[in-house]
Amino acid sequence: MAAAPAAEGAPEDSHDSNSSAESLDRLYPAVGSSKPPRKRTTSQCKSEPPLLRTSKRTIYTAGRPPWYNEHGTQSKEAFVIGLGGGSASGKTTVATMIIEALDVPWVVLLSMDSFYKVLTKQQQEQAASNDFNFDHPDAFDFDLIIATLKKLKQGKSVKIPIYDFTTHSRKKEWKTLYGANVIIFEGIMAFADKELLKLLDLKIFVDTDSDIRLVRRLRRDISERGRDIEGVIKQYNKFVKPAFDQYIQPTMRLADIVVPRGSGNTVAIDLIVQHVHSQLEERELSVRAALASAHQCHPLPQTLSVLKSTPQVRGMHTIIRNKETSRDEFIFYSKRLMRLLIEHALSLLPFQSCTVQTPQGQDYEGRTYSGKQITGVSILRAGETMEPALRAVCKDVRIGTILIQTNCNTGEPELHYLRLPKDISEDHVILMDCTVSTGAAAMMAVRVLLDHDVPEDKIFLLSLLMAEMGVHSVAYAFPRVKIITTAVDKKVNDLFRIIPGIGNFGDRYFGTDAPPDWSDDEDALST
């Protein structure tokens, strides 16, 4: 990954030394005020989608863990690392090395370079002639940075602006990031705001020799941003170097750890990684523990609606639960149950009175759906088997899909793919999965819908079979989500299989072989 880009944005037109000093006093907290600074350790020895690390490979994902408490909020706040340092000091490279060495899932890398202010036409002209100061604290939208970090720290999704360095402007499109265990925030002014400092759990300053920074900046700006050598040197001497001396270098005193020589200092990076691991252990970030704590011996929640166990329904359950049932019969009776389940769920939607005229010219007092639209969202892969039943009873229904898989190393669910229809925030959403054991996949899927502004009370979670543990987990985390199923089994064994259960629905339906350690939730988690 390339070295961190230089700061660019839209400061005030000009700043003399007095106003700059006043700005510095405003931005930096006084040493010794409020709480004492952490003990600093000095070792002697750009934005992508959220980065997920596993011990076998690095992949990109838009997911994050479903660690929620009984209020539906994240149980543990993310650990936020702030990386400061001069332009082209190697902050992004250090951040990448930390991510690689941490080897934990759910790490987000957020660059300050995404948060430059929008330039006026006059400022654009100054920028084109290398006469605009991009290296001043006022160049950054600190309000947006702080609001974004706060939401990420709480486990919420955020929209990140995309900055074009060649045109010195924000692009029209924005990108979505999701919360994580660890958030690494890097930028030249990472420590230049009092409120921002409060959000950083660990502050690291990357200290690289000025000559090295200049060489890196020349190489980057000429090769990647179409600048000429004269313009780069002019900007460096007029803005970059004075800004470093006045605004960036003084923030070294605020750092918990100083990393001389940047990415070449592996001893310092090892020290940082050890500290972060210890912090994560203290926070007890364990999805299984969170789910277990949510499951208590309480009556089933009022938000649960179970299809009436008529002789017909019980007869179909007898067939699909029987291990001797052929695949054809399993599919046929599963589809019948799905149709009944969908019909039952639709009866719980809001309806309002309406009057229509019959062909005989008489008025009929009827009912009509009072919502805007119905959208179905299936949790792949088993959830997609319920889509035909939904399409059969809902005309013009829109369908979305979510792919959630279990990390084989951590045992935690991960969001790998998401396709939702546009503008679903006012829809009633039918969230479909065929079996729910612990509720981990369902909880993550619900959280994704909430991230896309779907109201909690407009989400209907449908499943052919659920375990009591999964019902409690979902209901305690999201008390306004309606949970609808054809049956609830009481037990989940040590392998998280529903007992007596239905088997691995996806494997029985699609005719694939289940791994020896499958769990019912993993119908949707393994493909």
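This is a predicted model: local features need pLDDT of at least 70, side-chain atom pairs count only at pLDDT 80 or more; totals for chains, interfaces and linings use all residues.
Local features are reported only at pLDDT of at least 70 and side-chain atom pairs only at pLDDT 80 or more, whereas totals for chains, interfaces and linings use all residues. Residues are numbered from 1 along each chain as its sequence is written, and side-chain values use heavy atoms, without hydrogens or water.

The protein chain contains 16 helices and 24 strands. These elements are DSSP runs numbered from the N terminus (helices, H or I, at least four residues; strands, E, at least two). Of the 527 residues, 54% are buried. Here buried means under 20% relative accessible area, exposed means over 50%, and partly exposed lies in between (1.4 Å probe, protein chains only). The accessible surface of the protein chain is about 23300 Å². Carbon and sulfur atoms contribute 50% of that surface. Areas were computed by the Shrake-Rupley method with a 1.4 Å probe; for residues, only the protein chains shown count as cover.

Helix α10 (residues 311-321) packs against helix α11 (residues 327-346). Their axes come within 9 Å and cross at roughly 145°. Axes are lines fitted to C-alpha atoms, for helices over the stretch in contact, and angles run from 0 to 180 degrees between N-to-C directions. The crossing of α10 and α11 is left-handed; that is, the near helix is turned anticlockwise from the far one by less than a right angle. On the α10 side, the residues involved are Gln312, Val313, Met316, His317, Ile319 and Ile320. They meet Phe330, Tyr333, Ser334, Arg336, Leu337 and Leu340 of α11. Contact means heavy atoms within 4.5 Å.

Ser305 lies in strand β11 (residues 304-306). Ser305 is buried, at 17% relative accessibility. Beyond its neighbours within four places in sequence, Ser305 contacts His344, Leu348, Ile483, Ile484 and Thr485. The C-alpha atoms of Ser305 and Leu462 are 9.7 Å apart, although 157 residues separate the two along the chain.

Twelve salt bridges occur in the structure. A salt bridge is a side-chain nitrogen of Lys or Arg within 4 Å of a carboxyl oxygen of Asp or Glu. One of them joins Arg339 to Glu343, with the closest N and O atoms 3.5 Å apart. Both residues lie in helix α11, four residues apart, about one turn of the helix. An α-helix has 3.6 residues a turn, so residues three or four places apart point the same way. Arg339 is partly exposed at 37% relative accessibility, and Glu343 is partly exposed at 38%.

Another salt bridge pairs Arg480 with Glu456, the closest N and O atoms being 3.6 Å apart. This pair links distant parts of the chain, 24 residues apart. Arg480 sits in the loop between α14 and β21 (482-485), and Glu456 in the loop between α13 and β19. Glu456 is buried, at 10% relative accessibility.

Lys490 forms a salt bridge with Glu468, with a closest N to O distance of 3.2 Å. Lys490 lies in the loop between β22 (488-489) and β23 (491-492) and Glu468 in helix α14, so the pair ties together parts 22 residues apart in sequence. Lys490 is exposed at 62% relative accessibility, whereas Glu468 is buried at 18%. Helix α14 (residues 468-477) is mostly covered, with nine of its ten residues buried. Among them are Met469, Val471, His472 and Val474.

A nonpolar surface patch is formed by Ile222, Ile229 and Ile233, with about 230 Å² of accessible area together. Patches comprise residues with over 30% relative accessible area and no salt bridge; like charges are joined within 9 Å, and nonpolar side chains (Val, Leu, Ile, Met, Phe, Trp, Tyr) within 5 Å. Ile233 belongs to helix α7 (residues 229-248). Its relative accessible area is 35%, so Ile233 counts as partly exposed.

Several backbone features were also found. Most residues other than glycine have a negative phi, and most peptide bonds are trans. The peptide bond from Leu380 to Arg381 is cis, with omega near 5°. Arg381 is placed in the loop between β14 (374-380) and α12 (387-393). A cis peptide bond also joins Ile499 and Pro500, with omega about 0°. Pro500 lies in the loop between β24 (498-499) and α15 (505-510).

Asp396 has a positive phi, near 60°. Asp396 is located in the loop between α12 and β15 (398-406) and is exposed, at 59% relative accessibility. Asp453 likewise has a positive phi, about 70°. Asp453 is found in the loop between α13 (440-451) and β19 (459-463) and is exposed at 56%.
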